[in-house]
Amino acid sequence: MDVKESMRNILEAESRAILNIPITDGYEKAVDLIVEQVHNQGGKLVTSGMGKAGQIAMNIATTFASTGIPAINLHPSEAQHGDLGMLQKNDVMLLLSNSGKTREILELVELARHLYPQLKFIVITGNDHSELAELADVCLYTGGAPEVCPLGLTPTTSTTMMTVMGDVLVVNTMLRTGFTKEEYAKRHHGGYLGKKSREK
């Protein structure tokens, strides 16, 4: 198989996986939580994940922050060494774990709930029967499509789906809060996007 044929197969597989992400009421519940806790109550969105999922979690946090929802990324291992202090009572956590079994994320839930028992959790996972899914206030299931990695191991399809699901949350939160181009410009001063956002 040459690279072009492999590329077609990968594009087809990941496109199918995205189209098969279950569309559930969980997305509305997740947006409701984010809007209520962050936009209305003055909390923040705290994202977290390990490894590749953690990198997607960081990207989701920065996208939310640029669109009117204060957000930070909390590394689950650093949380055990003092960074848990970033959490406040009105925050909402968005946790990413394809397996739903990531030890550091499960420990983070326990630590966070010990600090703030009322804290709410949104989970994006490829295993909706996992322990993490059971602990979530809102579970968003990726559909569990196999990775396109030839070993079936490297996070590829799963991280693509997590990215798309994060986009769904960001866009619908923007729509719910009525976030404007003018507000975007206040948060994005530099570069092409900053210039474009200030154009009349």
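This is a predicted model: local features need pLDDT of at least 70, side-chain atom pairs count only at pLDDT 80 or more; totals for chains, interfaces and linings use all residues.
Within α5, the buried residues are E104, I105, L106, L108, V109 and A112.

These buried residues of α5 pack against several elements, namely the strands β1 (45–49), β3 (92–97) and β4 (120–125), together with the helices α4 (76–79) and α6 (131–135).

## The packing of α2 and α7

Helix α2, made up of residues 26–40, packs with helix α7, made up of residues 157–177, at an angle of about 55°, and their axes lie 10 Å apart. Because angles from 65 to 115 degrees count as roughly perpendicular and those under 35 degrees as roughly parallel, the two helices α2 and α7 are classed as oblique to each other. Their crossing is right-handed.

On the side of α2, the contact is made by Y27, E28, A30, V31, D32, I34, V35 and H39, while α7 contributes M165, V168, L169, N172, T173, R176 and T177. Taken by type, the residues of this contact between α2 and α7 divide into 8 nonpolar, 4 polar and 3 charged.

## E134 in helix α6

Helix α6, which is among the elements that the buried residues of α5 pack against, contains E134. With a relative accessible area of 60%, E134 counts as exposed because that value is over 50%. Although E134 and G100 are 34 residues apart along the chain, their C-alpha atoms are separated by 9.4 Å.

Conventions: Residues are numbered from 1 along each chain as its sequence is written. Side-chain values use heavy atoms; hydrogens and water are left out. Buried means under 20% relative accessible area, exposed over 50%, partly exposed in between (1.4 Å probe, protein chains only). Helices (H or I, at least four residues) and strands (E, at least two) are DSSP runs, numbered from the N terminus. Contact means heavy atoms within 4.5 Å. Axes are lines fitted to C-alpha atoms, for helices over the stretch in contact, and angles run from 0 to 180 degrees between N-to-C directions. Angles under 35 degrees count as roughly parallel, over 145 as roughly antiparallel, 65 to 115 as roughly perpendicular and the rest as oblique. A crossing is left-handed if the near helix is turned anticlockwise from the far one by less than a right angle, and right-handed if clockwise. Ala, Val, Leu, Ile, Met, Phe, Trp, Tyr, Cys and Pro count as nonpolar, Asp, Glu, Lys and Arg as charged, and the others, Gly among them, as polar.
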